[in-house]
Amino acid sequence: YAGDLARRLETKVLRAADHENSPEQAFFESDGMRADFFERHRVAKEKPAISSGQDSLDVYLGIDAGSTTSKFVFIDGDENLVHSHYSNNEGAPLEVLRTALIAAREKARRNGMRLNILGAGTTGYGEELTAAAFHADYHTVETVAHARAALKYQPNASFVLDIGGQDMKAIFVNDCTITGITLNEACSSGCGAFIETFAQSLGVPVEEIAERAFRSTAPARLGSRCTVFMRSKVITEIKNGKSPDDILAGLCQSIIQNVFTKVIRLHNLAALGDHIVVQGGTFKNDAILRAMELHTQKEITRAPYAELMGAIGVALLTKEHCGAQEESSFLGLDRLESLDYSEETGKRCPFCANHCNRSIVHFADGTHYVQGNRCE
């Protein structure tokens with residue numbers, strides 16, 4: 001009995017080693033599969049209404065102040081996307097958003113058009129700070145905003161996966177109602193910054209990651225590891241002869257493996273339902289989208305404006321919230337130049353025994369925003 005057990009254990013170890021050393025599945029088995037993939041996932045183009053020649057355009061503003069990027073959109077009364085902005089925060093998200101909004105205003109003016117903001121909403125990491133700065137009419141948590149946008153483009157959505165720069169959100173939906181939400185907790189492994197870091201170390205620009213990954217016929221099997229251990233694994237694979245293309249392909253597949261083993265921890269993929277929607281800037285990468293299809297063995301719907309869905313979602317919710325209100329509380333496009341602020345740090349809160357060490361952001365119009373509280 002002991003000998004039989006030893007042989008079985010040895011066989012299992014050898015199989016595990018073979019699996020670890022074997023390459024991942026190639027992205028496409030034929031040129032036909034490749035062509036079908038790109039046909040199904042053509043990137044949508046926004047309607048260029050901001051330069052359509054109208055005298056004025058009524059719009060709702062949605063701002064997504066993310067962890068690494070700042071986004072905003074204008075949608076019209078028919079909920080069409082008419083203008084968008086997406087850029088890195090550059091360490092000053094309010095200034096980045098202010099500058100971009102001024103640029104949009106000036107673009108409209110050059111085309112003889114006036115933009116009328118009927119309502120403004122914010123979401124994301126900087127939801128409340130941005131709402132305070134721009135005097136938003138509405139703000140909400142990003143999971144709700146992302147789910148709302150997904151349901152606009154896929155009303156039957158059963159599962160929504162959003163992967164951003166440093167976080168990911170898995171949202172389960174049943175009959176247009178959120179039934180479960182799972183977020184990555186502390187580690188940003190498997191997010192956009194994760195693969196960008198490795199691409200830079202390989203000397204590959206971010207915009208070339210997918211193209212290079214698709215060249216690989218034997219992607220490196222990297223598994224779902226945190227950044228520190230992944231670096232060691234990548235070095236080992238390079239020593240074993242894997243090309244940068246193979247490494248990038250393996251990294252794209254590892255991101256999806258990380259979702260299911262480290263975040264969702266879901267083994268029964270049937271629980272995802274038949275209408276899976278993916279979004280977030282990371283899913284602009286076609287190789288990561290294809291990796292998701294391979295892992296789930298399902299056709300996936302990529303949101304038409306993957307990196308803008310938080311902003312679109314909060315714009316839609318703002319439109320619903322504002323209804324027939326006569327005037328928006330938004331700061332106003334013509335007053336953006338006056339948006340100035342200063343931060344006062346180290347302000348101890350006197351209102352309870354926690355004595356939170358707060359920061360107070362003072363705006364030029366006399367309003368302020370308090371951040372840093374550990375309690376309500």
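**Entry 1: Asp334 and its partners**

I started with Asp334, which is partly exposed, with a relative accessible area of 41%. I kept in mind that I was looking at a predicted model. Which side chains does Asp334 meet in salt bridges? I found Arg109, at 2.4 Å from N to O. That pair links distant parts of the chain: Asp334 sits in the loop between α11 (309-322) and β11 (341-348), while Arg109 belongs to helix α3 (residues 93-110), and the two are 225 residues apart. I checked Arg109 too, and at 41% relative accessibility it counts as partly exposed.

Then I looked up Arg114, whose side chain also meets that of Asp334 in a salt bridge, at 3.4 Å from N to O. Arg114 is in strand β4 (residues 114-124) and Asp334 in the loop between α11 and β11, so this pair ties together parts that are 220 residues apart in sequence. Arg114 came out as partly exposed, because its relative accessible area is 46%; the cut-offs are under 20% for buried and over 50% for exposed.

I noted the whole network of salt bridges here: Arg105, Glu106, Arg109, Arg114, Asp334 and Glu337 are linked in it.

**Entry 2: another salt bridge**

How many salt bridges does the structure hold? I wrote down 23. One I looked up joins the side chains of Glu320 and Arg148, at 2.7 Å from N to O. This pair links distant parts of the chain as well, with Glu320 in helix α11 and Arg148 in helix α5 (residues 142-153), 172 residues apart. Glu320 is partly exposed, at 44% relative accessibility.

**Entry 3: the five-stranded sheet**

Next I traced an open sheet of five strands, in the order β8-β7-β6-β9-β10, with mixed pairing.

I went through the pairs one at a time:

- β6 (residues 159-163) and β9 (residues 276-279) are parallel, with four bridges, and Val160 has Val277 as its bridge partner in β9.
- β6 and β7 run antiparallel over five bridges, and Leu161 stands opposite Ala170 in β7. These two strands form a hairpin with four residues between them.
- β7 and β8 run antiparallel over six bridges, and Ile171 has Ile181 as its bridge partner in β8. Their hairpin has two residues between the strands, and Asp175 there takes a positive phi near 55 degrees.

Is β7 (residues 168-174) enclosed or open? Six of its seven residues are buried, so I put it down as largely enclosed by the rest of the structure.

I also found helix α10 (residues 286-296) lying across β6, β9 and β10, running at about 155 degrees to β9.

**Entry 4: a nonpolar patch**

Which residues make the nonpolar surface patch of about 370 Å²? I listed Val141, Val144, Ile178, Ile181 and Leu183. Strand β8 (residues 177-183) gives the largest share, three residues. I picked out Ile178, which lies in β8 and is partly exposed, with a relative accessible area of 31%.

**Entry 5: whole-chain numbers**

Last, I looked up the totals. The protein chain has 11 helices and 13 strands, and buried residues make up 49% of its 376 residues. Its accessible surface comes to about 18500 Å², with 48% belonging to carbon and sulfur atoms. Among contacts between residues at least 6 apart in sequence, 66% join residues at least 24 apart.

Definitions and conventions:
Residues are numbered from 1 along each chain as its sequence is written. This is a predicted model: local features need pLDDT of at least 70, side-chain atom pairs count only at pLDDT 80 or more; totals for chains, interfaces and linings use all residues. Side-chain values use heavy atoms; hydrogens and water are left out. Patches are made of residues with over 30% relative accessible area and no salt bridge: like charges are joined within 9 Å, nonpolar side chains (Val, Leu, Ile, Met, Phe, Trp, Tyr) within 5 Å. Accessible areas come from the Shrake-Rupley method with a 1.4 Å probe; for residues, only the protein chains shown count as cover. A salt bridge is a side-chain nitrogen of Lys or Arg within 4 Å of a carboxyl oxygen of Asp or Glu. Buried means under 20% relative accessible area, exposed over 50%, partly exposed in between (1.4 Å probe, protein chains only). Two strands pair if DSSP finds at least two bridges between them. Contact means heavy atoms within 4.5 Å. Axes are lines fitted to C-alpha atoms, for helices over the stretch in contact, and angles run from 0 to 180 degrees between N-to-C directions.
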